[in-house]
Amino acid sequence: MSYTLTANTPPPVVIHLDSRKGNQIESGLTTNFTYTLKEPLLVPDHMNLLLSLHTATIPYSFYNVGSHNNRFNFRIFGFEGVGTSEDAPFDLPAGNYSATGLGNAIKSFLEGFLISGSSGAITSFHFSYSRETLKYSMSFEGGATALSILESSTALDLLGIVGLKVIPLSATPSLISDNAIDLNDSIHGLYVRQNIATKGTLDTEEGTFSNILARIPITTNAGGIIFYGQEPHDTMISIPMIQTIGIRLTDDKHRSINLNGLHFQLSLKISYIHKETLRDLQPRRYEPTPLKPTPLKIDEKKKKKKK
């Protein structure tokens with residue numbers, strides 16, 4: 001986006017923000033804060049502002065498994081006779097899991113689960129992960145007749161499962177994931193939200209214009225640093241001054257990111273542009289076009305002469 005700048009346009013202002021210096025809004029989270037400028041940024045009456053994200057550095061310290069997507073609701077059938085069942089809920093500890101690490105965590109839980117104080121319902125849980133299809137295959141051995149994963153589980157996407165599924169005994173074909181597993185819990189980008197502009201972007205999650213300033217793609221692995229320095233999107237705002245700036249870092253589902261105690265930095269670029277005076281355009285008036293007489297053909301002229 002480009003704008004015409006004149007010689008009397010003030011130079012752009014860059015504001016560097018560090019979450020360490022902000023006033024935290026959510027307890028335990030460093031990604032939702034406000035910062036009050038000691039010197040407010042005053043805007044002349046004849047000017048508007050262009051706001052954009054200039055740079056950002058964010059540690060990839062957030063987890064792909066948390067309280068919102070860590071519950072597996074298993075149900076074990078037939079261990080104590082036909083028609084009997086027992087629920088086995090499993091809350092996966094928060095962390096960054098690989099495909100193998102996730103499978104091992106489920107395996108340890110199911111093989112150690114006790115029904116009525118005794119073990120043996122599931123003596124061995126088998127899983128394998130295919131790098132070609134990005135899917136799991138699962139089966140089990142033991143005294144139980146069937147093992148199901150209930151639809152109420154919040155971690156189904158981690159296994160690529162849709163709806164209620166039954167994991168069979170190893171004597172029968174294994175249960176294979178419906179979809180490719182999503183260990184990132186669909187967090188493929190981070191959203192920087194602010195309190196200065198509210199209608200600069202359209203958010204399809206809510207279907208309305210929102211306060212999203214920029215989307216930062218995740219291009220590094222867990223434990224690294226996410227950098228942003230792309231061509232920015234400018235949002236035009238018309239306010240008399242800026243003194244308190246609110247910043248919130250979220251995922252695509254509007255959830256605040258938990259950096260697990262670490263902090264991030266970003267820079268906002270604010271440019272000035274002159275307000276344009278809209279011309280008072282007169283409404284167009286359309287005059288009716290007079291109809292021209294249709295020229296007579298030669299045959300029609302001869303007929304008129306004979307008459």
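User: How many aromatic pairs are there?
Analyst: This is a predicted model, so side-chain atom pairs count only at pLDDT 80 or more. Rings pair if their centres lie within 6.5 Å. By this rule the count comes to nine.

User: Are the rings of F109 and F113 stacked, edge-to-face or tilted, and why?
Analyst: The ring centres of F109 and F113 are 5.7 Å apart. Their planes stand at 50 degrees. Planes under 30 degrees apart would count as stacked and those over 60 as edge-to-face, so the rest are tilted. The F109 and F113 pair is therefore tilted.

User: Are F109 and F113 buried or exposed, and which aromatic cluster holds them?
Analyst: F109 and F113 are each buried. They belong to one aromatic cluster. Its members are F72, F74, F90, F109 and F113.

User: What is the geometry of the aromatic pair F127 and Y136?
Analyst: The distance centre to centre is 6.2 Å for F127 and Y136. The angle between their planes is 70 degrees. Over 60 degrees counts as edge-to-face. The pair formed by F127 and Y136 is edge-to-face.

User: Which class, buried or partly exposed, does F127 fall in, and which does Y136?
Analyst: Buried means under 20% relative accessible area. Y136 has 1%, so Y136 is buried. F127 has 22%, so F127 is partly exposed.

User: Which residues line the largest cavity, and what is its volume?
Analyst: There are two cavities of 30 Å³ or more. F127 and Y136 both line the largest cavity, together with L102, G103, I106, F125, M138 and L159. Its volume is about 40 Å³.

User: Which element gives the most to the lining of the largest cavity?
Analyst: α1 (99-112), β7 (124-130) and β8 (135-141) each supply at least two residues of that lining. By class, the lining has seven nonpolar residues, one polar and no charged. The most, three residues, comes from α1.

User: What volume has the second largest cavity, and which residues line it?
Analyst: The volume of the second largest cavity is about 30 Å³. Its lining divides into four nonpolar, two polar and no charged residues. The lining residues are Y60, F62, Y63, N64, N184 and I187.

User: What is I216 in contact with, leaving aside its neighbours within four places in sequence?
Analyst: Contact means heavy atoms within 4.5 Å. I216 is among the residues with the most contacts inside the largest core. Its partners are L53, A56, I58, G189, L190, V192, I226, F227 and Y228.

User: Where does D178 lie, and which residues does D178 touch beyond four places in sequence?
Analyst: D178 lies in the loop between β11 (175-176) and β12. At 33% relative accessible area, D178 is partly exposed. D178 touches K135, G160, I161, V162 and K165.

User: What are the phi values of H254 and N260?
Analyst: Most residues other than glycine have a negative phi. H254 and N260 both lie in the loop between β18 and β19. H254 is partly exposed at 28%, and N260 is partly exposed at 34%. Phi is positive in each, near 70 degrees for H254 and near 55 degrees for N260.

User: What separates the C-alpha atoms of H254 and L190?
Analyst: L190 is one of the residues with the most contacts inside the largest core. H254 and L190 are 64 residues apart along the chain. Their C-alpha atoms are separated by 9.9 Å.

Terms used
Residues are numbered from 1 along each chain as its sequence is written. Side-chain values use heavy atoms; hydrogens and water are left out. A nonpolar core is a set of buried Ala, Val, Leu, Ile, Met, Phe, Trp, Tyr and Cys residues joined through side-chain atoms within 4.5 Å. Buried means under 20% relative accessible area, exposed over 50%, partly exposed in between (1.4 Å probe, protein chains only). On a 1 Å grid over the protein atoms alone, a cavity is a set of points where a 1.4 Å probe fits but cannot get out, and a pocket is an open set with protein on both sides within 12 Å along at least five of seven lines; lining residues have an atom within 4 Å of a point. Grid points are joined across faces, edges and corners, and a volume is the space filled by probe spheres set on the points. Ala, Val, Leu, Ile, Met, Phe, Trp, Tyr, Cys and Pro count as nonpolar, Asp, Glu, Lys and Arg as charged, and the others, Gly among them, as polar. Rings of Phe, Tyr and Trp (its six-membered ring) pair if their centres lie within 6.5 Å; planes under 30 degrees apart count as stacked, over 60 as edge-to-face and the rest as tilted.
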